Structure formats: structure tokens, C-alpha cells
Amino acid sequence: MKLYCLSSHSNKPCYVLKMKEMTIMLDCGLSAQSILNFLPLPLVPSPRLGSLSNWLPRDCNDPQLEGELKECHGRVFVDSAPEFCPPLGKLIDYSEIDVILISNYTAMLALPYITEGTGFHGIVYATEPTLQIGKFYLEELVQYLEQTPKAALASRWKELLHLLPPPLSESFKPRCWKQLYNLTTLSSSLARIQTVGYNEKLDVYGALKVTAVSSGYCLGSSNWVINLDHEKVAYVSGSSTLTTHPRPMDQNALKNADLLILSGLTQVPSSNPDSMLGELCMTVVSTLRGNGSVLIPCYPSGVIYDLFECLSAHLDSSSLSQIPMFFISPVADTSLAYSNILAEWLSEVKQNRVFMPEEPFPHAYLVKMGRLKHFTHIYANGFNTEFRMPCVVFCGHPSLRFGASVHFVELWGSNPAHTIIFTEPDFAYLDALAPFQPLAMKAVHCPIDTSLNFVQANKLVRELKPANLVLPDCYTVPPPSLPHRTDLVIQQADHKVLVMKRGEVISLPLKKKKVKVKLSAELASCLTPTQIKPGVMLSSLTGNLVVRDNHFDIKMFEGSEGDSNQLLPVKSSQNSQFEWGTVNVDLFVQRLNEEGITDAKVEPSPSGYIIHLQNQDTVIQIDDRSTHIFCEEPDQKLRKHLRKVLSECLNKF
């Protein structure tokens, strides 16, 4: 078995597992860190961005580089359509992938890069919410970029990285970056997904069974259990033990795995989600009381549902119920509507509200009361009529490189009364704000990440008791920003740990020792088992081994071609005997002495013993599963004699 790591970001994982002649992809996350190197794409022309000066390296007069780079407040950006860093494609042939298992909607953004135009013919499995909400994420991303197209694509700068200033010079393999796919490619890719339910056992080409179990991270998020006949692999990615709106994490199905692959831990290990939520609410209230407005760059689903609920309650308690909240996204209406019909994927508290009957999320009530107003774009019908300040605006994208968030930062950036609050942990907020500097509006960092922290992850690993553990290399050392926090690592003392990073291939310590074989009833009725010890019986058999769709069947052996309907009996004769068990070396040496071979010299080997017969120039190698006799005598009499003595030292039935 082999495991390939195709991603450089532990929270945007992409692994490929090769086992039992099957190729399985575990998630297909898309790293978007690369887009921070590009200038924002405003919805309307920005005089400020348009007036940025060109930048060229010193002593470089390359005409192809002219106009590709712009300087803003001491930092250099690429003036081009943003490009993304997809999974490493040269390490594996995507056409060989048999099945893709998707854990949650944040880990599927690279799916079109893998399934379209690569010869992929496999199956993609995901839960219903993962498919639908993932579709929201993908469609929103595509529409953001299509509504603000760039006329030219900059590429020359990638050839001159050594001449560029940081962080642009530190870009990770920019030649591999790609522009985003279009809606046609996206629709074709999503059509390949087959939806599954929790605890539904899926047979994959007869070779193995896969099961999705709740991970507790977001709506429909799942961990995956892969079962072979005698081996079990658990894949844990994007999991949470906190009590939020999704169904709680199912840990029992993950216990005692032969191999546990762990990824998707918190990106902000030093931040507590509850304290960050409290700080966000206080910051919003403080800004609103100062007659300022609040901008919260966000994704169209996920933690935003909890923000609507908690923030509206806090505004009520602060006597600010009249303050409107605006949710602006190309998929805003479908996201809000869809979240209220997912009762089976929600926590028990949310499910109970459905049976009352009430909407599981309070944002449905907020929409009815006019406190939460949602629009597809800032230029949508009714927005100018409804919009008033002070207010709270939720819109994308958290990177501040495209979407309505770019417009609001440009609009409010010069006013210190306004505040922008960063809640998504995917992007460093100072890097996101860099092309908008100098900025007068207040910026507050309140990252809310409900995925497992290191304390919870270590506790989980101890409870699951895997035989082997696979980790991204970043989980074995403290975070670069907190090098003294030696507690922010996965403890490795009690487990055999394998560490991976992008581009690596490791051999897994799982060796297939047994295969399940089905015996036909007709053949089983002909067997004559012999008891060799209490509770253990053995029998020989003769039959046809049929292998089809990775299933093994033994059926009655048919006769010759001229008499194909005749079934041969499998009962052995009274005189036939079969050896079994391991060789008793002491008994073997004793029997050799009785046969006149007195110069046997026994030496232990890594897998058994080596016996030297010096006078006979013979070596006998005894291993756990085999015995070899190396004899120089040409007439083979000694070899046959030694085989006879060896056979007498084995058990028989």
C-alpha cells in the first residue's frame, strides 16, 4: 500500500491511497493562498488601484514584464486574474483514480481540475449537503471572477522570481498555478458526484467497502472508513467535537483502525472559538454605537449561520435590534433556503425545532422580520432602496481579492468609524488588507475555527487507538508563529507515526496477509475435516478458484473437456496425509543425529534458523512459512533423505 500527498496545505488536503489494486483519492482541496499575490478585482473601476505605479526589478529592462507588477504601499502585486494552486498533478495519473471520497464542501474546490479533461472515469462520493453547499461555494467563486474579468494574463514574472521582492519571490511553484474553471466545466464535474448517507456501506468494485460517518464540523461533513477483508483504514479530516449546528462527530466507527490518516486540524490553535465570537459581538456593538458600519468577509455557508444567530441575539440584548444585517452573495438566497431543509444532518437541538414545527435556524425568522436582508449583488434590484447605515454587511470573498467585499473596503476604507472583522482563518488578514493600505477603518482579527485543536486531536487519537498514524509534517512541530508552544503538536509516543508533505510518497506498514474466500455449499458438503487440536479442524480440497470483481469463490472442480458435467470428488483417501505447522528445530537436529548426521550446526536468522551440515556441504534454511534445502550432491539422495526426516518433524492430518 502507498500513500501520495498532492497538497501543500493541511486544511486543503488531497491524498491518493493505492491499495488492493485500487486508487482512491481522499479529498481534493484547493489552496487559495496564491491569490493574495494579486491585486483585487473591484466591481466598479477603482481610481486608486488604477493609479498604482508599475514596478520593475532594478537593472531589468524586460519588455514582457512591463505592466505585470504594481506597487502598493511598499508591496508588489501581480496585476492579473487571480490564479490558484491545484493539487500536484504530475505525481499521479488522474485517469487511474477509481474513486474520490470528499469529506466536506471546503475540501472539494479542486474537483473540476481532477475530473475534467484528464481521462477520469471513476466515482465521486459525497453526502447530499456536501454536494449542494459545495456547489454554492464553487458557483460563487466562479461568478466572482467572471463578473470582473481581466483582459490580460500575466505570466512573465514567474520566470523572474529571483529578482522579485518577498513575499512574491517566495511563491510556491507559480508555474503550476491555474486560472479558475468556468461554469460549464463545474457543472460537468459536479454531475459525477453520487450522494451517500451516514453509515451507508458502499461496495467499491468488489475490492473494498467505504463508509461515511459524521465528523461534526459542518453540514454533511464526514470522515471515511475504508474496510478491506482484514484491514481497516480511517480518514479523519475537518472534524469537530464542539456543540454547533451539525450532527455530532461519530467516533466509534473510527476506533481500532490499522491506519489513521489525520488532517484538517484548526488553523488558529491559539484562538478559542467562543472567545472569538464574544469579541466579534462586542466589536460590532461598539462600532454601531459609534455610528459606524461593520464589514464581515465570509463564505456563503458554514460558520456564517452561527454568526447570524449569535450576533442577532447580542444586538437584541444591546438594544440595537433596529440595525439591519445584509448578506450579499450570488448564492445568498439558495444558501439560506437550503440550510433550513437539512434536518437529518443537524444536531439534535436543531432537529427538535423542526418537529415543533419551526425553522431549525433563526435566520429564517430574521429574514421574515426584515432584520436580515439578502441580495445576490450590490447592483441587484432593491438593494439601493433597502440599504441604510449603520449596518452589518456579510459578503465575500474573505481574501478581499474579488466579490462585494472589495467594493465595501474601497467605500469605507478612509473612514475610521467603520470596522472590518475577519472571521475566516484561511487567509492572513494583514496580507488580505495589503493592497488597500493605507487604511483608516479599523481591522479586527477574530478567527473562528471549530475544527479540532491539538488538545482535542491528541485526546481523539488516544481514544481511537490506531495501529499506525499518518500526519502532515506541520503537525509534528509547533506553528512558526508560536515556536515556543511545544504543546501545539500531535503526540507521537504511543503510535507508529508516518509524516508526509507535498510531493511525497510513502509505503504504508499494512501488508495484506489474508483474503476472504467464499466456499460453495456443494463443495463444503464434500469435505472431511480432521481435528488437529481442540477447536481447530483441517481438510484438504480440490476445486475451481473463480476470481471476478475482486471476489474469490471456490466451486466444485469440473472434469475433463469431454466430460464437463462430471464433478470430481474432493474427499481424500484414507492413506493420504498432509503436513502443517512449524518445524521443531530441536527435534529435527535430534532426528538427524539418529540418522548419523552429527555435524549439524544451528544459527538463528531474522526469520527463522539456518542449519549447516558441513560434511555434506548442505545448508537448510527454515523460515516462518517455508523451508529450503541447498544441497550440492548431484544424485539428490541426500536431499530426499533430509526431506523425509524434516517431514517426520511436522504435524500431520
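Guide: Strand β3 (residues 22-26) and strand β7 (residues 99-101) pair in the parallel sense over three bridges. Leu26 has Leu101 as its bridge partner in β7. Two strands count as paired if DSSP finds at least two bridges between them, and the elements themselves are DSSP runs numbered from the N terminus: helices (H or I) of at least four residues, strands (E) of at least two.

A word on where this comes from: the model is predicted, so local features need pLDDT of at least 70 and side-chain atom pairs count only at pLDDT 80 or more, while totals for chains, interfaces and linings use all residues. Residues are numbered from 1 along each chain as its sequence is written, and side-chain values use heavy atoms, with hydrogens and water left out.

β3 also pairs with β2, in the antiparallel sense and over five bridges. Here Leu26 turns up again, as the bridge partner of Tyr15. β2 and β3 form a hairpin with two residues between them, and Lys20 in the turn has a positive phi of about 50 degrees.

How much of β3 is covered? Five of its five residues are buried, where buried means under 20% relative accessible area, exposed over 50% and partly exposed in between, using a 1.4 Å probe and protein chains only. In a regular strand the side chains alternate between the two faces of the sheet. In β3, Met22, Ile24 and Leu26 point one way, Thr23 and Met25 point the other way, and all are buried.

In soluble globular proteins, nonpolar side chains tend to be buried together. The largest core here has 80 residues, and those with the most contacts inside it are Met25, Phe84, Ile100, Val392 and Phe394. Its largest share, nine residues, comes from α3. Apart from this core lies another, of 32 residues, among them Leu17, Val99, Ile226 and Ile506.

Ser7 is buried, with a relative accessible area of 10%. Its side chain has a polar atom 3.1 Å from the backbone nitrogen of His9, and the side chain of Ser7 also reaches the backbone oxygen of Lys12 at 2.7 Å. Such a polar contact is a pair of N or O atoms within 3.5 Å; within protein, one must be able to donate a hydrogen and the other to accept it, and residues adjacent in sequence count only if both atoms are side-chain atoms. Leaving aside neighbours within four places in sequence, Ser7 is in contact with Lys12, Pro13, Cys14 and Arg502, contact meaning heavy atoms within 4.5 Å.

What covers the buried residues of α11 includes α3, β15, β16, α10, β18 and β19. Those buried residues of α11 (residues 404-412) are Ala404, Ser405, Val406, Phe408, Val409 and Trp412.

Technical notes. A nonpolar core is a set of buried Ala, Val, Leu, Ile, Met, Phe, Trp, Tyr and Cys residues joined through side-chain atoms within 4.5 Å.
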